[in-house]
Amino acid sequence: MNMNSLMIITDQRRVGGMLNAVKALGGPITAAVVGPRSLADTVSAWGFERVLCLEPAQGVPAEAYSAQVAEVAAAIAPRLLLASDAASSRMLLAAAAAKLNANVIGAVRALSVDGDAIVISRSTADDKVLEDIEAAGSVAGIFSGADVDVITTQPVSVEQIAADSSTNMRLIGVVESEGGNGMLTAARVVGVGAGLAAKDDLKLIEELAAAARAEIGCSLPVCEDLRWLSEHRVIGSSHSQVSPELYIALGISGQPQHMTGVRDAKIVVAINNDPEARVFKFCNYGIIGDLYKIVPALISAFKNMNG
Ligand SMILES: Cc1cc2nc3c(=O)[nH]c(=O)nc-3n(C[C@H](O)[C@H](O)[C@H](O)COP(=O)(O)OP(=O)(O)OC[C@H]3O[C@@H](n4cnc5c(N)ncnc54)[C@H](O)[C@@H]3O)c2cc1C
């Protein structure tokens, strides 16, 4: 059975995790990069059999090339089509899936083969349940599993595809929200919850974030009920997912809607004065105590560490 796979890539997000998952199928893997040539050059050393590169013209969003990407997918006729949950990758995948008449599935975490069928493990119920789904035909999946480090190999040559010049979408403006989206990619994130007693106390959190070289995130009530921080800082199922090296949860109870947003964090440290707080079940290190006593100690520790 032909188990060839095609991975649609618009940025580096989750590519290591996707590769790891697709390798379980055993067939050749092609990368279709819809993005800058530098991205294609980077992934060319990540173990793909082929790397195709379609570079969007200046100011043209990747999604404008969905018809072209669908044609590429049809020519390759992969058994498995996979993309990350990045916004533009998802759209390109949808167009290609329609062209291939493939089974579509989201929240893919792992893949395997059972005879001629592909078995997809996908998460559901806020990550509390993993379902295994068998598909006899071709599959188009959106991968939202954890990223893993990639082992680089000898690069393959990148096959450039001329971008269709008749696209009719273009970028006409950029408005950065307050603070940009730096929080989503920062290596350290300090998350503040409703355990903070007053808006003024955010100064203490800002001091910690500066000492730890971290971005500030928050739980939903801090934005929606208290209106202390803006929406782009909210972490959780209905807002941002973050994957920092370190996530420090301060005065956050640890409800699933929040914790699902930090499931890809490498280390979670929780500080809460309630020993029964749910967050302690989902952290690597837990400190039971008053954040107002612990945060100043953390600030000193980070200052010492960072010189
Ligand atoms: C459909 C839906 C979607 C949702 N989406 C999201 C989402 O995306 N993100 C999100 O965050 N929430 C989301 N929620 C809300 C979520 O269910 C929780 O209500 C919310 O995460 C709780 O926020 P919190 O932990 O800051 O507040 P609380 O649950 O009130 O917890 C505050 C914690 O602070 C501790 N505390 C108090 N004082 C101190 C102190 N001095 N020192 C140390 N600890 C202290 C308390 O012990 C407590 O555990 C969603 C809810 C629904 C229904």
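This section describes the pocket, the cavity and selected strands of a predicted model.

The largest pocket has a volume of about 640 Å³. Its lining comprises 24 residues. Closest to the pocket centre are R13, R14, D147, S243 and D264. By class, nine residues of this lining are nonpolar, seven are polar and eight are charged. Two domains contribute to the lining: domain 1, spanning 5-161, and domain 2, spanning 182-305. The largest pocket therefore lies between the two domains.

One cavity of 30 Å³ or more was counted. About 50 Å³ of space lies in the largest cavity. Its lining consists of A32, V33, V34, L52, C53, L54, V69, V72 and I161. In class terms, this lining has nine nonpolar residues, no polar residues and no charged residues. Three elements each supply at least two lining residues: β2 (29-34), β3 (50-54) and α3 (66-76).

Strand β10 covers residues 188-192. Four of its five residues are buried, leaving the strand mostly covered. β10 pairs with two strands. Five bridges join β10 to β12, which holds residues 246-250. Four bridges join β10 to β11, which holds residues 215-218. The β10 and β12 strands run parallel, and β10 and β11 also run parallel. Individual bridge partners can be named on either pairing. V192 is partnered by L250 in β12. G191 is partnered by G217 in β11.

I105 is located in β5, which runs over residues 103-114. The relative accessible area of I105 is 13%. This value is under the 20% cut-off, so I105 counts as buried. I105 and L298 are 193 residues apart along the chain. Their C-alpha atoms are separated by 43 Å.

Methods: Residues numbered from 1 in each chain as written. Predicted model: local features only at pLDDT ≥ 70, side-chain atom pairs only at ≥ 80, totals over all residues. Heavy atoms only, no water. 1 Å grid on protein atoms, 1.4 Å probe; cavity = no way out; pocket = protein on both sides within 12 Å on 5 of 7 lines; lining within 4 Å. Points joined across faces, edges and corners; volume = space filled by probe spheres on them. Nonpolar A, V, L, I, M, F, W, Y, C, P; charged D, E, K, R; others polar. Domains from an automatic or database assignment. Buried < 20%, exposed > 50% of the residue type's maximum accessible area, 1.4 Å probe, protein only. Pairing = 2+ DSSP bridges.
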